[in-house]
Amino acid sequence: MEFSQVTKGRYLEFSRFIHTKQPAAVQPAIPSPDGSLVAVQTTTHLDIRSTANLSLIHSIPIPPRFRGANVRWSPIPLNSKKPKRIVLYNDTGARVENISGHSGHAVIDRGSSGLGRVVNVDFGRTEGEVLLFQEFGAKVTIWNLHTTRSIDIKDPKYPSKGHTYRPGSRHFTLLSRPGPQDVLTLHALNSYAVIWSTIVPTMDAQGLVWSPDGQFIALWDTPSVGCRVHIYTASGDLYRVYNGSSNDATNSDIELGVRSLAWSPTSDYLVIGCYDCRVRLLSTKTFSPLMYLDHTTPIHLPSHPDSKSSTPLRVWREDFSGPSNRHYTAITQPISPPTTPHPSSSESFKETGISLLTFSPSGSLLATRLDTLPTTAWIWDIHRSIPAAVLIHHAPIKYLSWHPSIADLLLIQCAHEEVVLYFWDSSSGVPWLENVSTSMWKKDGGKLNVRWLPASSSESKPALLIGCKTGFCVGWPRGRDVLIEPEVEGNGGGAEDEESEESLDSVYRVLTGRSPFKVSIEGDTEILVSDVLDETTRGVDDTFAGRVIARGDLYGLALDKSSSSVCNT
């Protein structure tokens, strides 16, 4: 059922609302990496729609086993404009579906090895690789959908924040803990053989992030050792250890560690948000502090920070005289924002520090939130080392997001029952809000999932995907684009994509003339990597003797690692 009414706010305009009957605990609508498509689950199907006009492109039946599963989009191939696959997963395994016009699929089971449930699944370097992480840090398995072969890497430290791909070259980088020390490894393309491995001198590394230019890797240590960040080069050499707690802490008697970390889009800066309410901005030339951004109260901004700027710096507060009458007001300074009650538990340190920080696409602005001032958004001008604006709200902030390509547009979401979206525009310096509490959202309150959609061109107007349990729609804070029919690869019975044909044919060759490949185990090492594939072939197992594979069933495989074989579903 579709709701066709168009709702307009002061600036925000909505598309029609798409009602969906979703199973319990399911993810809201999920946009594709390029923003052109959206995936949403119903009780029995996975629907793929165009974000341009919300038309239905594919409706894929979901077996009962994967209904209500998590969803991930594949990366966009180099020779394509849109993603081609999507994966659904739960703790029992994963199911990969084609969305480029083919009806095939692949099912990957965790097997009977008894190593625990599947806790995370994602695509690898390409749409032909799928990563499965098992609980207890047992292993990560990389499945190749084209060859049905797998590679095991033991002892990944985290199922989500401990691995990434190097920007540009797309080499797999993994943080593992096979023993008492953390290990950082870089792996080769396709074979995932270890290129280099180094022991990291951390007490308990919390994660890793590549710089956008692919030159450095930042790893941060546990908060108990202070503000300690290790910087490695792309060749695996330790370049610098930044120990901010001993060099520049505001209170030298308290060791306060890293709460959040981010690289600037230009790779010129590394910013570290700590538990001591201070943001440290490091230069990537020396990884020494260039400036400190302190979230002090009361707030008192200079009216004119320099002679080059005629726009005064203001503190804005959300005021309202009723549920439907909210607005921002520039308030007199100094002002003290609302604070959280002082926690008394032993875990009180978790409720302090800089938990949210995000750069604008140009890298000139930084938005932050301090947990002890949870309703306040700080927007910093990096070049002038002062806040460009401070926005105080009635409810705690749960989300800060810049538009991915429009440098001056910030989205803020707060945690309250009313559906209100907050925006800030750096070109005018004036914030505004949109109260979109209508009948279509009334059952979901503040549980909306709101995300920016990447712009399809430089002329495209900014758009938001707004989803909840009952459906989703698209919103435009600066007016909507002229709707056009979406371009869908392989849809409507046209010419099929050559790469997809080759991918399907490669699986057909495996089923009809090449046996599955068994992962090699080398002694007691913590990393198991398969040998380079050769061109030799042998007969297939009797399971497939005489079987004819139809084009639509070429991906109808169940990959069972425990038996190292390919089994028909």
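Okay, let's start with a definition: buried means under 20% relative accessible area, exposed means over 50%, and partly exposed is in between, using a 1.4 Å probe and protein chains only. Now, this is a predicted model, where local features need pLDDT of at least 70, side-chain atom pairs count only at pLDDT 80 or more, and totals for chains, interfaces and linings use all residues. Residues are numbered from 1 along each chain as its sequence is written, and side-chain values use heavy atoms, with hydrogens and water left out.

So, aromatics. Rings of Phe, Tyr and Trp (its six-membered ring) pair if their centres lie within 6.5 Å; planes under 30 degrees apart are stacked, over 60 edge-to-face, the rest tilted. That rule gives 11 aromatic pairs. One of them is F423 with W432, stacked at 5.2 Å centre to centre and 20° between the planes. F423 counts as buried because its relative accessibility is 0%, and W432 is buried too, at 9%. Elsewhere, F216, Y239, W263 and F287 make up one aromatic cluster.

What lies over the face of Y292? That's R278, 4.4 Å from the ring centre. Likewise, R326 lies over the face of F320, at 4.7 Å. The cut-off there: NZ of Lys or CZ of Arg within 6 Å of the ring centre and within 35 degrees of the ring normal.

Last, a sheet. Strands here are DSSP runs of E, at least two residues, numbered from the N terminus, and two strands pair if DSSP finds at least two bridges between them. We've got an open sheet of 4 strands, β16-β17-β18-β19, with antiparallel pairing. β16 (163–165) and β19 (194–200) are the edge strands. Inside, 5 bridges join β17 (172–176) to β18 (182–187), and S176 has V183 as its bridge partner in β18.
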